[in-house]
Amino acid sequence: MSLIFEKQIQVTEQHIDGNNHVNNVQYVHWVEEIAAAHWDFVKHKTEYPKDIWMLLDHHIQYKKQVYLNDIITVKTYPKSPEGIRQPRKVEFYCNDQLVVDSTTLWVLVDAETQKIKRLESDWLEKLK
């Protein structure tokens, strides 16, 4: 299985701001949305299907504007763990050009105890 997960989004009026392009806050929402969708897609293949991810840090770089009716391809994938932190990349493409690039850091939290879990350093290898 590939660790890359993707989906397409058509830009609608609700995504547009006063400058007639996709609102920057919308990208933050999409980053969280695709991360959750990816986890829902793979969690049953892990030892942690009931646990939840919490966002610690978010870096986003806006490269080009996207407009009403554009189609965005969103790609996400986890990178190698950094101790208890799990980095994730989210890339937004429009017309095959990278328009927004995001790197986030997450921690896995036990759903019952609400404590952070330490993942095995090779846990992603088991998903391939």
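This is a predicted model: local features need pLDDT of at least 70, side-chain atom pairs count only at pLDDT 80 or more; totals for chains, interfaces and linings use all residues.
**Entry 1: Gln 86**

I started with Gln 86, which is buried at 4% relative accessibility. My cut-offs here: buried means under 20% relative accessible area, exposed over 50%, and partly exposed in between, with a 1.4 Å probe and protein chains only. Residues are numbered from 1 along each chain as its sequence is written, and side-chain values use heavy atoms, with hydrogens and water left out.

Gln 86 sits in strand β4. I looked up how strands and helices get their labels: they are DSSP runs numbered from the N terminus, with helices being H or I of at least four residues and strands E of at least two.

**Entry 2: the whole chain**

Next I zoomed out. I counted 1 helix and 6 strands, and along the sequence they run β-α-β-β-β-β-β. The C-alpha atoms fill a box of roughly 45 × 30 × 20 Å along the principal axes. Of the 128 residues, 41% are buried.

I also checked contacts with a separation of 6 or more: 65% of them join residues 24 or more positions apart. The chain exposes about 7500 Å², and carbon and sulfur atoms supply 47% of that. Those areas come from the Shrake-Rupley method with a 1.4 Å probe, and for residues only the protein chains shown count as cover.

**Entry 3: the largest pocket**

The largest pocket holds about 240 Å³. The search uses a 1 Å grid over the protein atoms alone: a pocket is an open set of points with protein on both sides within 12 Å along at least five of seven lines, a cavity is a set where a 1.4 Å probe fits but cannot get out, and lining residues have an atom within 4 Å of a point. Grid points are joined across faces, edges and corners, and a volume is the space filled by probe spheres set on the points.

Which residues lie nearest the centre of the largest pocket? I noted Ala 35, Ala 36, Trp 39, Trp 53 and Arg 88, out of 17 lining residues. The elements that give two or more residues to this lining are α1 (24–42), β2 (52–62) and β4 (86–94). α1 gives the most, with 6 residues. By class I got 13 nonpolar, 2 polar and 2 charged residues. For the classes, Ala, Val, Leu, Ile, Met, Phe, Trp, Tyr, Cys and Pro are nonpolar, Asp, Glu, Lys and Arg are charged, and the others, Gly among them, are polar.

How many cavities of 30 Å³ or more turn up in the whole structure? I found 1, and the largest cavity has about 30 Å³ of space. Its lining is His 21, Val 22, Asn 24, Tyr 27, Tyr 62, Lys 64, Gln 65 and Val 66. That makes 4 nonpolar, 3 polar and 1 charged residues.

I followed up on Lys 64, in the loop between β2 and β3. Lys 64 is partly exposed at 42% relative accessible area. Leaving aside neighbours within four places in sequence, Lys 64 is in contact with Gln 97 and Val 99. Lys 64 and Gln 97 are 33 residues apart in sequence, and their C-alpha atoms are 8.7 Å apart.

**Entry 4: two asparagines and the end of the chain**

I checked phi angles too. Asn 20, in the loop between β1 (5–10) and α1, has a positive phi near 65° without being a glycine. Asn 69 also has a positive phi, about 75°, and is not a glycine either; Asn 69 is in the loop between β2 and β3 (71–78). Are they buried or exposed? Asn 20 is exposed at 56%, and Asn 69 is partly exposed at 48%.

Last stop: Lys 128, in the segment after β6 (116–117). Lys 128 is exposed, with a relative accessible area of 55%. Lys 128 and Leu 3 are 125 residues apart along the chain, yet I read 6.7 Å between their C-alpha atoms.

Methods: Contact means heavy atoms within 4.5 Å.
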